[in-house]
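Okay, thanks everyone, let's get going.

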Amino acid sequence: MTSYHSGAGNNPAEKYRRERDCCGGLNNVDYSKMDLKVFEEVFKQINFHDSNFHIAVIAIIFNPLFWNVVARWEHKTRKLSKIFGSPYLACYFLGFIILLLNVYRSHSMTVVMKTQARWELMDRPEVFYFGVLFIVLGSLLVVSSFLALGFTGTFLGDYFGILMDEKVTGFPFSFIDNPMYWGSTSNYLGLALVGASPVGLLLTAIVALVYKIAIGFEGPFTEHIYQERRRKHE
């Protein structure tokens with residue numbers, strides 16, 4: 001759920017990204033030299049035939065697909081705003097549905113982590129404490145992002161015509177782009193580590209991949225919305 005928050009030019013996040021990618025970033029990694037035995041061991045611990053696993057994967061994929069389709073439909077037709085008589089009420093409604101979907105996704109992932117096997121290699125104190133750190137970091141990113149954007153800024157208000165006056169460049173956007181998404185991912189990674197759950201690691205990777213794809217659609221479209229506003233004011 002991205003909004004008009006990532007600054008440009010002197011934005012510290014942009015500067016950090018350029019420094020991070022100065023040598024080509026991950027494009028220069030030779031993946032052929034990676035040791036895949038660790039991944040093989042992780043997959044051996046996972047029951048891919050578990051129906052709860054299938055439900056969790058479906059929930060992970062469905063959520064961003066749902067809110068992107070509905071939000072774009074609203075931007076094109078304004079149907080929800082007309083039904084509720086206000087773009088704000090319509091945005092609150094969609095935000096509430098998104099919250100419910102995310103609660104169910106978290107529940108379905110937690111069920112799989114608890115019912116599938118723990119991995120002895122991960123079942124150690126240092127891994128547990130790393131997991132706690134990821135949960136703390138993720139919670140900080142999610143909460144601070146929500147406070148910076150507000151409800152409508154977080155839940156696709158710009159698709160409803162509720163546009164922000166200016167870009168949000170303070171923390172956590174000065175630290176990382178799309179902090180709501182990556183904070184949520186960090187929380188799931190933390191839960192997987194705390195629970196010594198190999199299936200949790202895989203589900204977290206799927207969450208990250210789906211969010212990455214969603215960002216690729218949301219970012220340009222959100223920028224397009226604000227470009228439309230700038231053209232109208234010219």
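Predicted model: local features only at pLDDT ≥ 70, side-chain atom pairs only at ≥ 80, totals over all residues.

So, Phe84 sits in helix H4.

Together with Ile83, Tyr88, Leu89, Tyr92 and Phe93, Phe84 makes a nonpolar surface patch of about 590 Å². Which helices supply the patch with at least two residues each? Those are H4, residues 79-84, and H5, residues 87-115. H5 is the top contributor, giving four residues.

Stay on H4 for a second, because Ser81 is in there too, and Ser81 is buried, at a relative accessible area of 12%. What does Ser81 touch, once you skip neighbours within four places in sequence? You get Glu74, Ser86, Pro87, Ala90 and Phe160.

Now, back to Tyr92 from the patch. Tyr92 also belongs to an aromatic cluster, along with Phe146, Phe151 and Phe155.

Let me pick out two. In one of them, Tyr159 and Phe221, the ring centres are 5.3 Å apart and the planes are at 25 degrees, so we call that pair stacked. This one joins distant parts of the chain: Tyr159 is in the loop between H6 (125-154) and H7 (179-194), while Phe221 is in H8, residues 198-233, and the two are 62 residues apart. Tyr159 and Phe221 are both buried.

The other one is Tyr181 with Tyr211, again stacked, with 4.2 Å from centre to centre and 20 degrees between the planes. Tyr181 lies in H7 and Tyr211 in H8, so this pair ties together parts 30 residues apart in sequence. Tyr181 and Tyr211 are buried as well.

Last thing, confidence. For the protein chain the mean pLDDT is 86, with 82% of residues at 70 or more. But look at residues 5-13: pLDDT there is below 50, even though the stretch has 22 contacts in the model beyond near neighbours in sequence. Residues 15-26 also stay under 50, and for those the model has five contacts beyond four places in sequence.

Okay, that's me done.

Terms used. Residues numbered from 1 in each chain as written. Heavy atoms only, no water. Patch = residues over 30% accessible without salt bridge, like charges linked within 9 Å, V, L, I, M, F, W, Y side chains within 5 Å. Areas by Shrake-Rupley, 256 points an atom, 1.4 Å probe, with all protein chains shown as cover. Salt bridge = Lys/Arg side-chain N within 4 Å of Asp/Glu carboxyl O. Buried < 20%, exposed > 50% of the residue type's maximum accessible area, 1.4 Å probe, protein only. Contact = heavy atoms within 4.5 Å. pLDDT = per-residue confidence, 0-100. Phe/Tyr/Trp six-rings, centres within 6.5 Å; stacked < 30°, edge-to-face > 60°.
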